[in-house]
Amino acid sequence: MTFDSIKSETEEDFVKNSVALLAGKITDAISAKGECIIGLSGGSTPVPVYEELGKRTDIDWSKVFVFLIDDRFIEPTHDDSNQKLVRDSLLASANIPEENLLFPDTTLALDACVATYIMGLIKLFSETPPDVLVLGMGEDGHIASLFPPVPEHAFGEELVLHTETDRFAVHDRITVSPLVIMAAQSSILLLKGKEKIKVFDACVSSETADPVRWPLHISLATGKLTAVLCQ
Ligand code: 6PG
C-alpha cells in the first residue's frame, strides 16, 4: 500500500510539519476551486495542530468549509465533544463563518442526528468531494469512529453511521462512512507515540487489504494518504 510519510523527531516538529502540510492542502484547494472542504477528526493528537493551524494568516478562512469526520453523541458543550474540541482549538483563532461549519446536531435524537448529518454532507459535497481529511488512529486500529471489526453494513451506501464503542470515550458515535473517506482528494494521518506507530506498521504491512480489521486500508487504497509520524 503506497503512502507518503513525514517523520518528526520532536512534538514541536510534528506540529510544524502537520500545520505546513495542512495549510498547503488548504491553500492549494482554494487556489484551484475557490474553496476548501476539510474534514476533521477529534481526539487529543490533533489539538495542538489545530491550534497552530488556526493562527495562520495566509489562509482565507472565509473560503474554508469544515465538517466533522466523527463526533461523540453528547451535548456539543461537553468536554468529550469533538465539535467543542474544534471550536476551542482551530476556531479559537481561525475566523471561519458559522455557516461554513457542519457538525452533527447531537441535540437531536440519534436517528434524526444521523439523518440530518447525511443531508448536510450531501449538500456540502454537492459540487465536489472533500479536499482533505485529518485522520487519527486508535491503538485498536480504528479511524474516525470505525472500530474494528468494522461491521459489514458500514461498507454500504450510507454517508454517515451510528457506531458504538466500550473502549473509548462516549459509547455512541456519529461517524462518516468508508464512502466519505475514500472520496477525499487527500487524507493526512496524524500519529504520535511508539505504540501507535507499531499498530500503524502492522496495518500498512498487512499482505492483503482488510478494511474490516484495518479501516485505514480504505484511505491507503486511494493512494492519497500522507502520514505525519512522531515516536
Ligand atoms: C475521536 C477521533 C478518533 C481519534 C482516534 C485517536 O473521536 O476520538 O475521531 O478517531 O482520531 O481515537 O485519538 P487520539 O488522538 O486521542 O489518540
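Phe3 counts as partly exposed because its relative accessibility is 27%, where partly exposed means between the limits for buried (under 20% relative accessible area) and exposed (over 50%), with a 1.4 Å probe and protein chains only. The model is predicted, so local features need pLDDT of at least 70 and side-chain atom pairs count only at pLDDT 80 or more, while totals for chains, interfaces and linings use all residues. Residues are numbered from 1 along each chain as its sequence is written, and side-chain values use heavy atoms, leaving out hydrogens and water.

Let's follow the aromatic rings. The structure holds 3 aromatic pairs, meaning rings of Phe, Tyr and Trp (its six-membered ring) with centres within 6.5 Å; planes under 30 degrees apart are stacked, over 60 edge-to-face and the rest tilted. One of them joins Phe3 and Phe200 edge-to-face, 5.3 Å centre to centre with 80° between the planes. Phe3 lies in the segment before strand E1 (4–8) and Phe200 in helix H7 (residues 194–204), so the pair ties together parts 197 residues apart in sequence; helices (H or I, at least four residues) and strands (E, at least two) are DSSP runs numbered from the N terminus. Phe200 counts as buried because its relative accessibility is 1%. Phe67 and Phe125 also form an edge-to-face pair, at 5.2 Å and 75°. This pair links strand E3 with the loop between H5 and strand E6 (132–135), 58 residues apart.
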